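Let's walk through a structure together, one piece at a time. Keep the 3D view open while you read.

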Amino acid sequence: MVRRMAAACFLGSLIAACTPAVHAQAKAVVAIFGEDARTAAYVPFDRVFQKSIVEPRAGKLQYYQEYLDNARFPGPEPERATAEYLRTRYAGKQVDLLLAVDPAALQFLLKYRATTFPGVPVVVVGLRTATLARFQLPDDFLAVGLDRDPILTIGMALRLRPNARELVGMTGTTDLDKRWAAAIQATPLPPNVRFRSLTGLPISTIERELASLGPDAIVVTGGSFRRDGAGQAFAGAPDILERLNAVTTAPIFTLYDTGIGKGAVASFSISQEAIAGLGADIANQLLDGTPVAKVVRPAPPAPVPVADWRELRRWGIDEALLPRGTDVRFREPGFWEQYRYHAIAVGALVLLETALVAGLMVQRRQRRKVEEELRQSEQTMQLAANAAQIVLWNWDIERDVIWRSESALEIGRALAQPEQSLAGLIGIIHPEDRESFHRAVDRALQGDGIFESEYRVPGAEGAERWFTSRGRVERVGGVPRRLRGVTLDVTRRKAAELDAQHRRNELAHLSRVTMLGELSGSVAHELNQPLMSILSNAQAARMFIGREPVDLGEIGEILDDIISDDKRAGEIIWSMRRMLKKEEVTHGLVQVNEVVQEVLRLMRGDLVNRGVSVDLALAADAPLIRGDRMQLQQVLLNLILNACDAMASNPKEERILAVATDSGERGVRVSVADRGEGIPPASLEGIFTPFFTTKKNGLGLGLSVCSSIIASHGGELRAANNAGRGATFTFVLKAEAAVFA
Amino acid sequence: MTEGACVFVVDDEPAVRKGLDRLLRAAQLEVKVFASAQEFLLALDHEHPGCVILDYQMPGLNGLELQEVLAARGAHLQIVFLTGHGDIPRTVRAMQGGAVDFLVKPAGREQILPAVGRALEREALQRAQRAQLDDVRARLAQLSPREREVMGHVIAGRLNKQIADILGTAEKTVKIQRAAVMQKMGVRSVAELVRQTEKAGVLPT
């Protein structure tokens, strides 16, 4: 495959070179590389750019490469000279796009683009998200951050060398190297594996150290290795690897897949080619005329395990230990290739033909295999995402563009447009859930950076699906830059939840209706009071009017009283209706004291009839809580009715109901205490289970319903016997944060 | 209705108290309102003519209990009950206790004023009867034992001669004693005397 691509690369350059330099529609792309042209790590970038950007536009694109040679010419002066050189060189040329291949190239362009390539958009390739976060990128610097973590490679190394007791981190001394060294050192290790650093040492020392490593050591390397601790410059990591691999007594693992074939045993990283492909994708969009703001950021590719078959053999590593899907390269070293050379050498036509046929067949199969594996690994995330019913997404806050992984989920289909703004996404959310979604976004951006929202998306034929999205805000210098996370289809769980909630509400309603049946006489009585008062007031007024002189002051007072009595009657009817209605549960801000008072008013007649007097102690500073008013009333009603029942056989002066609210740190504590017989100790446990009852005609649902209502409010209903007589039921409702009564 | 009669309203519900107060005042009645049975009992003037409108369901002493207390104290106030629900057992109990009326809330002018009227009339009547009885009793108290003995025979329809025979005295003495009884009892005929003594529960001998 390498050979084939090299040929393609050559062909591409040839075509490019043959194209007339000045062409009306010809576009020009300049790739800026931070180091010199020999840098091995650039090979895959160059190859992919040629294949994906240049070749498809044969004859219509000029492709230039510029190497800043940063390691060998460090410092601001050579940089300035290079900038000046580039400015002069491209002064007469129309450059359409710049490709920045490493942090050095990005840094250079951030500083000098305005003078060397004014206004030309830049595609930034191959930088870690963490690295990108250090820069303030202008809008037309398009980058896709990569999540590259040494933990995958280190994990793979520990898996392939289960007896390893020492992990050696080894890098050069460039900035990139130092960052990788830090990342390797920061990786958590099993307790029986110690860490040793070989970073920042002269190459001779590293060689000596590597030569004396024990059989239980593994080496992990990353970065460019352009320079060692003595300041000596090198061509880069892959070449250094070959040199070090010759002396090491322990297997070397690399954080770049380009080290495979150069002496590294294995790597579990995002392939450099895939990274280059990412840049090529963005570059192609721009070259095809997509405005900068509308460019869709492709998904960062998934890391792929890669191993060198020869190195596995050398270190006696069992292939079975390789992670599933590992791309094992160099398996049968050059068998057919040697054969073909031989055939060419002897010039035997038949042999050549046979070899060619065989070669082509094998090559095709290999290519297919490699391509398939590559495709598979690139799709690993995608497949995993789909298998897990997950959508991965990433919202570029500044540009307001949401990228998401391909998905079979309803939300994926709804977002058929692969690129979306936040408003566009909110547009497909169920109208009732939009506000809470908005709130979640605001909270994440302004608060702790954690985003979590559950919402519905109307689907085809009126079917709606539930999704939950979780994510985290990434900030640059305190400014939220992106919000990324996952979305899960939770329709099934939600359906079960809603079903359970529905049943709970049904049961609550049933229990409420039963209770209100008991109370109806009392409520009628309560309603008759204002009606009576209205009637006598109105009739009195009628009589006062017929008399001279009319006392208008008194008439006015009467009318005021009639109005307030009428309102009171209305309230009683409303609270009764609310409780009878099979209403959807709505959680709003509730003042618990008001709930208590409303229930007591509703029950007043009943309490009087039962000869129960109420000892009410309301907290003066009770905070607001979030909950369903009607359900809380139901709980209180139930507890109070139970308390009354418990005291039914008490002498009248012993029928005292104590209802209290206390505000504490955790919220509002509500308690209902009676002076009855108390709860038999054996029953204390089962009291909240359904169908538990001590009443002759009780359904045994009341307390279990109350308990589930309080649970759905985030509290717990508890029962305890009093020190003296009777029992007390208590529950705590959490105060609504940041809301003051 | 008795002049100066007062309607006492006892209801724990302020709005109801206020409404009744206005309605009764509009009907030219004197009204006094109380929020509880206890408050009413403290202020109760036994001699004041009038009636009570009593809420049946009140915290503390309820209407029925108040009725019993009033009866025990010998208060002669007529009671009109007001109740949220007029179930039969309650009504029966209240009526047995001497209630004039049992009104179900919401009750208006059409029920309240006639009920109050009836109560006040009955109160006035009973007051008059009580006054009469008191008068008979006072007169009876003035009689000497002998005169009382003679009166027993008189209301039994005996002649002076028969009485003298029974008592073993002279007919003339009986005649004088009978005249003293008639004079002390303030009656002119035997028939009148019989009616008076019946009221006071004095039986013929």
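## A look around the model

In β14(A), Trp403(A) is the bridge partner of Asn394(A). This is a predicted model, where local features need pLDDT of at least 70, side-chain atom pairs count only at pLDDT 80 or more, and totals for chains, interfaces and linings use all residues. Residues are numbered from 1 along each chain as its sequence is written, while chains are lettered from A and ligands numbered from 1 in the order in which they are written.

That bridge belongs to a pair of strands: β13 (residues 390–396) of chain A and β14(A) run antiparallel over four bridges. Two strands count as paired if DSSP finds at least two bridges between them. Helices (H or I, at least four residues) and strands (E, at least two) are DSSP runs, numbered from the N terminus.

Now zoom out to an open sheet of five strands in chain A, with the order β14-β13-β17-β16-β15 and antiparallel pairing. At its edges stand β14 (401–404) and β15 (450–458) of chain A, each with a single partner strand, so one side of each has no neighbour in the sheet. On average, neighbouring strands of this sheet are turned by 25° against each other, direction ignored. Helix α16 (residues 431–446) of chain A packs on the sheet and touches β15, β16 (464–476) and β17 (479–489) of chain A; its direction makes about 160° with that of β15(A). Axes here are lines fitted to C-alpha atoms, for helices over the stretch in contact, and angles run from 0 to 180 degrees between N-to-C directions. Two residues are in contact if their C-beta atoms, placed from the backbone, lie within 7 Å.

Chain A has another open sheet of five strands, with the order β19-β21-β22-β24-β23 and mixed pairing. Which strands stand at the edges? They are β19 (613–617) and β23 (718–721) of chain A, each with a single partner strand, so one side of each is left without a neighbour in the sheet. The twist averages 15° from one strand to the next.

| Strands | Sense | Bridges | Facing residues |
|---|---|---|---|
| β22 (residues 667–673) and β24 (residues 727–734) of chain A | antiparallel | seven bridges | Arg669(A) and Val732(A) |

Over in chain B, helix α6 (residues 145–155) and helix α8 (residues 171–185) have axes that come within 9 Å and cross at roughly 90°. That makes α6(B) roughly perpendicular to α8(B) (65 to 115 degrees counts as roughly perpendicular). Among the residues making the contact are Val150(B) of α6(B) and Val181(B) of α8(B). The residues of this contact of α6(B) with α8(B) divide into six nonpolar, one polar and three charged. Ala, Val, Leu, Ile, Met, Phe, Trp, Tyr, Cys and Pro count as nonpolar, Asp, Glu, Lys and Arg as charged, and the others, Gly among them, as polar.

Finally, what about chain A as a whole? It holds 21 helices and 24 strands. Buried residues (20 or more other C-beta atoms within 10 Å of their own, C-beta atoms being placed from the backbone) make up 40% of the 741 residues in chain A.

How values were computed: Parallel < 35°, antiparallel > 145°, perpendicular 65-115°, else oblique. Buried ≥ 20, exposed ≤ 12 C-beta atoms within 10 Å, placed from the backbone.
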